[in-house]
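Let us take a walk through this structure together.

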Amino acid sequence: KIEPPKSIKAWLVGSPIPEKAAERMTDKQWLKAITRYDYNNVTTRFKQTGQIIGGAYDLSSLLERQVKNDPVRFAQLIWRFPDNTNSSYFDAVLRGIAEVGLDIETAFLVCQRCHQLPNYPCGRWISSLIGKLADLLWSEEAFDIVIWYALNDHNPEQESWRTETSNGQVYYDGNILFAVINSTRGSAVSAIAQLIFVNKNRVSY
């Protein structure tokens, strides 16, 4: 007996909170939402609940758009994120601020807050923010943060652009530049280059 083929279903996983609702959310509601949607693996969540509900990655994309609209508000709110908050939410604030900019004091405090997190999960986007806003008058404390990630971060753990996948291909098509810009140490080195390009007097430090 030949069994009929089983159909394949696909879903587009979006934010667990609609964008229109997010536009009206208070700070308290945002804090509650990032605590509730703290998971990354939507597949695991589906097996537990039987529902397709986006997680931290999906909601953080929506948060990033809100940060661009009101960067000062979220630069203050990030200090109320618990340290164990999914790092996607910290990254979203960093990316949003990097796109629209802030005054140097506020921008540095956001970087400092994220750099203080256990296990240093936000190095790539801290570096990206400082690099994109390289024309600001960054202090040596900010330089120290970028240098720390350039020297000490564990990402990448190997030369992935030289590493073959299970099907015999090479990650990033063997392109070292693509591998670099998608790594934390590479992002930090890129930020250092941008800082120097804006002001050559920073070279000596």
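A residue is called buried when its relative accessible area is under 20%, exposed when it is over 50%, and partly exposed in between (1.4 Å probe, protein chains only). Helices are DSSP runs of H or I with at least four residues, strands are runs of E with at least two, and both are numbered from the N terminus. This is a predicted model, in which local features need pLDDT of at least 70 and side-chain atom pairs count only at pLDDT 80 or more, while totals for chains, interfaces and linings use all residues. Residues are numbered from 1 along each chain as its sequence is written, and side-chain values use heavy atoms, with hydrogens and water left out.

Two packed helices are described by the angle between their axes and the distance between the axes. Axes here are lines fitted to C-alpha atoms, for helices over the stretch in contact, and angles run from 0 to 180 degrees between N-to-C directions. For α8 and α11 the angle is about 15°, and the axes are 8 Å apart. That makes α8 roughly parallel to α11, because angles under 35 degrees count as roughly parallel, over 145 as roughly antiparallel, 65 to 115 as roughly perpendicular and the rest as oblique. On the α8 side, the contact (heavy atoms within 4.5 Å) is made by G123, R124, S127, S128, I130, G131 and K132. On the α11 side, T184, S187, A188, A191, Q194 and L195 take part.

Now for the nonpolar core, meaning a set of buried Ala, Val, Leu, Ile, Met, Phe, Trp, Tyr and Cys residues joined through side-chain atoms within 4.5 Å. The largest such core has 49 residues, and those with the most contacts inside it are W30, F81, I126, L129, I130 and W138. Two or more residues each come from α2 (27–36), α4 (56–69), α5 (71–77), α6, α7, α8, α9 and α11. Which element gives the most to this core? It is α6, with seven residues. To see W138 in its setting, look for the residues it touches, among them F108, L129, I130, F143 and L195, not counting residues up to four places away in sequence.

Helix α6 also holds S88, which counts as buried at 14% relative accessibility. Leaving aside neighbours within four places in sequence, S88 is in contact with N40, A56, Y57 and S60.

Finally, let us look at the loops. P82 lies between α5 and α6 and is partly exposed, with a relative accessible area of 35%. Between α7 and α8 sits N119, which has a positive phi of about 70° although it is not a glycine; at 69% relative accessibility, N119 counts as exposed. The loop between α9 and α10 (176–181) contains P156, and the peptide bond from N155 to P156 is cis, with omega near 10°. Y172 also lies in the loop between α9 and α10, and its phi is positive, near 55°. Is Y172 buried, exposed or partly exposed? Y172 is partly exposed, with a relative accessible area of 33%.
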